[in-house]
Structures are given as structure tokens and as C-alpha cells.
Amino acid sequence: MIYINIAGIGILIIFLLFILPKKKKTTSDYLLILTISLFGAMLLSDILIRQGLSAPKYLFQMLSTTLLFPSFLLYGMVLVDKEHRLKWSWWWVPSYTIVFVVFLFIDFVYVNDYNTVEKVDRLYRSPTAIYQFFYKAQYLFIILAMTWFLRKLNRYSKKIKDYYSFIEPIHLNWFRNFTLVFLILEVLSLVLFLSLDFGLLNDINIPFTIVYSGIVLALFYLCYHGIKQYAIAEFKGTQNSIAKNRRNTNGTLEVEEAADIKYKSSSLSESEMNALFNEIKCLFEVEKVYLEPQLKIQTLSEHLGATTHKISQTINTKAEKSFYDYVNDFRVAHLKSLLAIPENQKYTILALGIESGFNSKATLNRTFKQHMGISPKQFQKAHFTG
């Protein structure tokens, strides 16, 4: 188990070294550094305890595991926040941690004197009723908060399709998958420790070994995709520029949850929407703006002099699809026309895909198959052999 923890700490150090040199760090960068450090501290605490229990080691484990969750959740919430910053309304996230840390301080400093290994070992292996309450309540708090946050991540994933034609660097699927694994491990941990409480398990090391092994495997996934997808800052910068175009008469930021409210407050009339949709179709059919690999709805806003909100609403209403799907419909159609030209067989599918506006082989293959039911290669082969 010690070697598994050491491996986990090693990959966390690599991830940390990747982030630390970054200039002009954002709030999410600092929260990510804190989260990585707490994951490392948690794994280190388990190594130290396995070598011999003491009050400082016990407190080190309690503090690292307790502080980890709010740090992780706040990092995720900042990622999906429009303004990419912490908010006072999120006070509830660290609330449980603050209460538990205060309790630990009072218990260790004023109530009990854990000055012998036997006393600490008894607390560690057979917690009192008040400690059991805090442990189990923490699991329930984390499980409920994680479930809520997963729903928020799902809404985010749907929402970005209304404003971007390229979502691979910003969809956060990797973070959502890790959050799901984190949630599953918390549920598993709760079940294992309840089994320990009811005598179904006899060794306290069994739950720690299973859960920590799962965490280390999940950290490999997190760090690999975290490094690969570390382009969220660019997305947030663009989000801010979009937000600047949406201001009310008082000059303050007007937050629009387009994907959530379904444009209930829009002032667009049917005739205005039809006219705007005709202009949008002209940009796509005549000017072929979809050939721009990193096309954003902001680009259409600059062309048409309409807000991104109105353009998104128009495409969702008239085309009955998101901006992302609307753009990729044109890209697939363009790629189909290129694949149908005999002379183009000398070019690779990727070259033709890039010429059609796709920015990667994986994206063009996945999108083409979603639209056509077969891969670009299969389509080309069927076209010339059919």
C-alpha cells in the first residue's frame, strides 16, 4: 500500500511542476495547486500512520482529508463560473469543514489529552459517538454536494454547445469523470466503514487500502487529462469578452442563463428572428464561416451586430439544435462533398477534415459518424464502390 501511495504522490508532483511555472495564475490555478497538495498530503498521512500512530499524524490525516473536499469542489465551481472567481454565495462549501476543524481543535486542546499512543489508537480504531457522527455526516455532506455538482457540470457541458463550435479543450468531461469516480469512492468508503462498525470487517486497514488505491488510479486519470486539457483559461477569457457585450442600462453585468431559461425573457419577435436567421444562414451558406476551426458565436455577433444571446436563441429556435451542432452540420456536409470528388482520394481524411473546419481527427471522425452513421473512410469507400 505504501508503494501505491508513493506512486500517487509522484504523479501529483509531476502535475504540480507543470502548473507552478505558469505566469499570471488565476484563482482556479491556485485552487488546483491547493487541491493537488491536499491529495498528496492525504496519501502521505496514510504512509506516516502505517509506520506508527501519533496525535500529530492523526490530526495531519484528519485535516488533509477534511480540507480536500471543499478545495476540490471550489476549484470545480470556479471552472464553470462565468466570471471565473470565488463567490460569497458559496460559503456553504467549506462550512462543514470549518465546524469539524473547530471541533478537532477544542477536543485536542481543551477536552481530551491524547498524549499516549494507546489513546490515539483507541480514537483511530474505535471512535467515540461524536466522532462517528462527524465522520458519517461528512460522507453524507460530500455525497450530496458531489451529486449536485455533477448536475451543474452536465448543464455546463450542454451550455457551451450554444456558444462554441469546438468544445474538446473546454468540455471538462475529464473533470466530470473524475468527480463521478470521487463520488463513487466516497459512497464505497461509507459502506466499508459502516461494515467495519457493524463487525462485517475486522481490519481498519481494508477500507483505507481499497479507497486509497482507487484514489491513486483516479489521480493518474486526473493528472493525465488535466495536463492535456489545461486550456480552460483561454475559454474563460473568451467568456469574459462575451459577457462584456451583455450589459443592462445601469452598466452592470447582466447574467443570462441561456441554456437554462430557454430565452423566456427575449424581446425578439417572430419576424425579427426570421430575418436574423436568414442572415445567419447567409454567413454559413455563402461566406462559409463554418470553415473557421475555432468558430465562436461571438464571431457571428461581430458580423451581424446582434448579441450572442439573440443569435443563440435564433439558432436553437429555428434550427432546433445548438450552435455546436448547427456548425458541424455544415462541416459534415462540406466534408461529404470533398470525399465525393475522385481527385481528393489522394488526400488523407484528416487533410480534408481540416479543410472542412474540423480541428482534429478524433473530432471529425466522431462528428461525422454521429451524423452519418458511418466513418468518413467508410463513406468514401461506399461512394466510389457503390
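T66 is buried, its relative accessible area being 1% (buried means under 20% relative accessible area, exposed over 50%, and partly exposed in between, with a 1.4 Å probe and protein chains only). This is a predicted model, in which local features need pLDDT of at least 70 and side-chain atom pairs count only at pLDDT 80 or more, while totals for chains, interfaces and linings use all residues. Residues are numbered from 1 along each chain as its sequence is written, and side-chain values use heavy atoms, with hydrogens and water left out.

T66 sits in helix α3 (helices are DSSP runs of H or I with at least four residues, strands are runs of E with at least two, and both are numbered from the N terminus). Leaving aside residues up to four places away in sequence, T66 touches T97, F100 and Q138, where contact means heavy atoms within 4.5 Å. K57 belongs to the helix α3 as well, which spans residues 55–80. With 23% relative accessibility, K57 counts as partly exposed. Residues touched by K57, again not counting those up to four places away in sequence, are L48, I49, Q51 and G52. The C-alpha atoms of K57 and V120 are separated by 9.7 Å, and the two residues are 63 apart along the chain.

## Overall composition

The protein chain has 17 helices and 0 strands. Of its 386 residues, 48% are buried. Among contacts between residues at least 6 apart in sequence, 72% join residues at least 24 apart.

The protein chain exposes about 19,400 Å², and carbon and sulfur atoms supply 62% of that area. Accessible areas come from the Shrake-Rupley method with a 1.4 Å probe, and for residues only the protein chains shown count as cover.

## Nonpolar cores

In soluble globular proteins, nonpolar side chains tend to be buried together. The largest nonpolar core here has 101 residues, and F39, F284 and L300 have the most contacts inside it. A nonpolar core is a set of buried Ala, Val, Leu, Ile, Met, Phe, Trp, Tyr and Cys residues joined through side-chain atoms within 4.5 Å. F39 touches L12, L68, F72, F178, F182, I215 and L219, not counting residues up to four places away in sequence.

## Aromatic pairs

There are 38 aromatic pairs in the model. Rings of Phe, Tyr and Trp (its six-membered ring) pair if their centres lie within 6.5 Å; planes under 30 degrees apart count as stacked, over 60 as edge-to-face and the rest as tilted. The rings of F69 and F141 have centres 6.1 Å apart and planes at 85°, so this pair is edge-to-face. The pair links distant parts of the chain, with F69 in helix α3 and F141 in helix α6 (residues 129–159), 72 residues apart. F69 is buried at 3% relative accessibility, whereas F141 is partly exposed with a relative accessible area of 22%.

The rings of Y124 and F208 have centres 5.9 Å apart and planes at 5°, so the pair is stacked. Y124 lies in helix α5 (residues 117–125) and F208 in helix α8 (residues 205–228), so the pair ties together parts 84 residues apart in sequence. Y124 and F208 are both buried. One aromatic cluster is formed by F69, W92, Y96, F100, F103, Y131, F133, F134, Y135, F141 and W148.

## Surface patch

I98, V102, F105, I106, V109, Y110 and V111 form a nonpolar patch on the surface, with about 710 Å² of accessible area together. Patches are made of residues with over 30% relative accessible area and no salt bridge; like charges are joined within 9 Å, and nonpolar side chains (Val, Leu, Ile, Met, Phe, Trp, Tyr) within 5 Å. A salt bridge is a side-chain nitrogen of Lys or Arg within 4 Å of a carboxyl oxygen of Asp or Glu. Y110, in helix α4 (residues 92–111), counts as exposed at 61% relative accessibility.

## Positive phi in loops

Most residues other than glycine have a negative phi. K24 has a positive phi, near 55°, and is found in the loop between α1 (2–19) and α2 (27–50). K24 is exposed, with a relative accessible area of 79%.

E320 also has a positive phi near 55°. Its place is the loop between α13 (308–319) and α14 (323–339), and E320 is exposed at a relative accessible area of 68%.
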